[in-house]
Amino acid sequence: MSTNETAPPVDWLTPDEDRAWRAYLRMVTAVQVGVAQDLAALGLSEPDYEVLSTLSEREDGTSTLHEQAAKMGWSRSRLSRHASRMEARGLIRRAPDPTDGRGCLLVLTSAGWDVLRDAAPSHVTSVRRHFVDRLTPEELATLGRIAGKLSADR
């Protein structure tokens with residue numbers, strides 16, 4: 001690796017900053033792995049559940065591919081490929097977007113609603129076991145404020 005004399009100096013993490021960063025990464029991984037394993041036992045992935053649950057938040061169970069991708073922090077092409085797999089399983093269907101000739105709508109099917117209704121209680125139990133019940137109400141409130149601060153620009 002060559003050095004660039006015009007590059008600004010690196011503001012390396014202090015030991016406390018590094019410990020906090022690594023603890024955050026381990027926390028996110030532990031919670032995600034636990035919840036993902038519990039969803040897998042139900043035949044769903046985390047992205048499957050995210051698509052189903054966010055579509056269910058809409059009265060008609062419908063969202064544009066673009067809005068859904070933005071909500072999930074995914075590219076449209078990545079979501080499109082995932083939606084194809086969910087569509088093949090009958091969980092969602094695609095429909096033309098009447099406001100955008102190039103776009104499409106993702107629509108929760110009745111089978112998708114059924115899968116979500118069946119999975120939701122177990123998912124909530126999993127989130128409680130791996131996250132909520134391990135923290136005090138004060139810790140949850142603090143973590144909520146921190147998460148809001150870190151995600152404010154998204």
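Tyrosine 24 sits in helix α1, residues 15–40; helices here are DSSP runs of H or I with at least four residues, and strands are runs of E with at least two, numbered from the N terminus. This is a predicted model, where local features need pLDDT of at least 70 and side-chain atom pairs count only at pLDDT 80 or more, while totals for chains, interfaces and linings use all residues. Residues are numbered from 1 along each chain as its sequence is written, and side-chain values use heavy atoms, leaving out hydrogens and water.

Tyrosine 24 counts as partly exposed because its relative accessibility is 38%; buried means under 20%, exposed over 50%, and partly exposed in between, with a 1.4 Å probe and protein chains only.

Now threonine 54, in helix α2, residues 46–56. Its relative accessibility is 6%, so threonine 54 counts as buried. The side chain of threonine 54 reaches the backbone oxygen of glutamate 50 at 2.7 Å. That side chain also makes a polar contact with the side chain of glutamine 68, at 2.4 Å. A polar contact is a pair of N or O atoms within 3.5 Å; within protein, one must be able to donate a hydrogen and the other to accept it, and residues adjacent in sequence count only if both atoms are side-chain atoms.

Next, the core. Leucine 52 is in contact (heavy atoms within 4.5 Å) with residues including Leu44, Ile92 and Leu116, leaving aside neighbours within four places in sequence. The largest nonpolar core has 21 residues, and Leu52 is one of those with the most contacts inside it. Helix α2 gives the most to this core, with 4 residues. Such a core is a set of buried Ala, Val, Leu, Ile, Met, Phe, Trp, Tyr and Cys residues joined through side-chain atoms within 4.5 Å.
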